[in-house]
Amino acid sequence: MAKTGAQVLVDMLVNKGVEYAFGIPGGAVLPLFDVLYDSPIKLILTRHEQGAGHAADGYARATGKVGVCLATSGPGATNLTTAIATAFMDSIPMVAITGQVRRKFIGSDAFQEADITGITRPITKHNYLVKDIRDIPRVVNEAFYIASTGRCGPVVIDLPVDITTESWDGPYPEDNEVHLPGYKPRYQGNPRQIRIAAEAINNAKKPVVYAGGGIIHSGCHRELLELAEKGNLPVTTTLMGLGGFPEDHELSLRMLGMHGTLYANHAVTECDLLIAIGARFDDRITGKLDEFAPHAKIIHIDIDPASISKTIKVDIPVVGDAKNILTELLPLIQQVERKEWHEQIKEWKKKYRLSYDNNGVLPKPQYIIEQISEITRGKAVIATEVGQNQMWTAQYYTFTSPRTLISSGGLGTMGFGFPAAIGAQLGCPDKTVIDIAGDGSFQMNIQELATVVHYKLPVKVVIMNNGYLGMVRQWQELFYKKRYSGTHLEDNPDFVKVAEAYGAKGFRIERKEEVRPTLEKALAIREPVVIDCKIGQEENVYPFIPAGKTVRDAIIEGTFGGMA
Amino acid sequence: MVQGKYNFPVPCNLLIMRHVITALVENKVGVLARIAGLFSSRGFNIDSLSVGETESPELSRLTVVVRGDDSTIEQVRKQLGKVIDVIKVIDLTDTPYVERDLMLVKVNVPPGRRGEILEMVDIFRGKIIDVGQKDMIIELSGTEDKLEAMIKLLHTYGIKEMARTGQIAMARGTK
């Protein structure tokens, strides 16, 4: 039976197990949307393509499956680019399908034409411009394979509209094998390197595990816990690694880096062995490069060979899948007491406990997040926007299981959290999904309120409303003499009324004592709710190690003496 | 340790070295753009880049001459290896290899000096491939050093136009 290109594509997507496709139609994808109309794939119509891209990304982060988004040619496709770059920086498996103008018009500056394979080349793991209908099955197979294996990442498939209407009699390929001679991810660690790593761990007096997003991607949180307990190793995680190690565990040092705990940063500075697993020594973690873990030998376990020794010279690299490597490593690890080191860490934990001043009438953002953590018992899926809201969440929510934090780490995309929460809620229908937002970030994709209302998604948005682009304002306060250039959001709308106008529920919290009851009330409702929390305008995130500095330069509440 | 430019000792691994790296790539649309884009977005400095078909029509061989310290070159190799269409990456620098660059130079021929230019081309084993009223085109292939030496000499007559292919290279046969 003859099929159109659109049918071939949709059949392939069904074959790949795609449940949801997030997107917006347009001229170049009309044939595709026509086939989707009666396909088993559920189309989630967002109100902006960026929302569709982030929703696909949030779905992928919450479930571990490949997220799929669709957009038309030209502006539809360019609107997806921020979402694609976000997924690329955080290694998220995603397939983005874009319409393209007819083949013979490509390169003629046709209506709604953009060279999307050219535009997305540096922000995708791979991309395709399909020129022949018979290539569709191969391209879809390869795209899903590349997106979801090795170090995951987004893949773009650009599909000219005339291919989607053309018909093809078959025969359609039956097997889904891919043949990619240039793509052979390495999963098994080198046994010799693993032995050397085990020896270094067993001999270390002051070891620290530095765990990143790779723990989540490879699903090795149990192996990590076993490793830490068996070897008696303290564990700090990156933002992307939160949930990879239970933060209520006594070996947890919580998050490290610019806004990490001082005890984690002190431990890394003093350690004699740093065991990096699925992390990439990002500048928000390392600060001043030549003073990062200055006394330590470094083990780096990572699936991407290009991550090894990219910014920090690594002594013992082990390339492969973290789960496989940790499984091989575990039997070689000896129980070592390291009493002095643990005493020292205990002392740091006591001295540098995360804290904030909870006096005053206004609700404190840290307090709100602690309450959310308590009410949900750490079981919710928490999405964040980017900035202060994100860092307070990382600090004050106690993450205990993987895939419970959905946050744009690498690209730092404001406006990410809310649409990502939509994807996460669809992927995890039985879970409570909360987007912890700022008033600035929320307004970057506020239109998706229509999406949550339409699909009856009970996503909760908690806005830490300080009337500022708070993180930038904090830098201006500390480094630019309080010259608040472009950060004051003086004419914010009434977010409660905005929510109601879209058909969602809206609550407001203006006093500390309202926090707990309002949150409990809102979380009990199986509907979308926006909670506008009026927090102090000049609330800051502490501790704060300024960019390119060390833990010795950390600013903690009330200690800032002015800096250049 | 070796002596650096200002006589400060420079650790060997920080020395900027010239490396000839070849990659076997799938002969597909956009491969060159992918690789050129990779070099610019990662800030790698390249002296030359050349691509052409190989013994197998589905494959192309790319030769790139790049300068950098050890860690930069390691990144160049690894980042090239990450490109899906790249099958194999080899740094030829530490192995015996041959390299060639082809150049065409249109050189000014001052009255009465044609003979000496011809003689020089002969010494360099180049070829004259076009002769005009006041100029001629010389073809020369060889290593970078040889071409640079020829260019230096030709400057005395005045070079009107020059085109080069960039290096191509190959490891020597098994001994």
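Biologist: Happy to look at this one with you! In which kind of contact do the side chains of Arg18(B) and Glu99(B) meet?

Modeller: Keep in mind that this is a predicted model. The rule asks for a side-chain nitrogen of Lys or Arg within 4 Å of a carboxyl oxygen of Asp or Glu. For Arg18(B) and Glu99(B) the N to O distance is 2.9 Å, so by that cut-off the pair forms a salt bridge.

Biologist: Nice. How many salt bridges does the rule find across the interface of domain 1 and domain 2 of chain B?

Modeller: The domain assignment places domain 1 of chain B at 2-94 and domain 2 at 98-171. Across the interface of these domains, the number of salt bridges found is two.

Biologist: Which element gives the most residues to the side of domain 1 of chain B that touches domain 2 of chain B?

Modeller: Four residue pairs are in polar contact between the two domains of chain B. On the domain 1 side, the elements giving two or more residues are β3 (17-26), β4 (45-53) and β5 (59-68) of chain B. The one that gives the most, with four residues, is β5(B).

Biologist: And which three residues supply 49% of the area that domain 1 of chain B buries against domain 2 of chain B?

Modeller: The area buried between the two domains is about 660 Å², with 51% of it from carbon and sulfur atoms. No other three residues of domain 1 supply more of that domain's buried area than this trio. They are Arg18(B), Ser50(B) and Leu92(B).

Technical notes:
Residues numbered from 1 in each chain as written. Chains lettered and ligands numbered in written order. Predicted model: local features only at pLDDT ≥ 70, side-chain atom pairs only at ≥ 80, totals over all residues. Heavy atoms only, no water. Domains from an automatic or database assignment. Buried area = accessible area lost by both parts, 1.4 Å probe. Polar contact = N/O pair within 3.5 Å; in protein donor to acceptor, adjacent residues only side chain to side chain.
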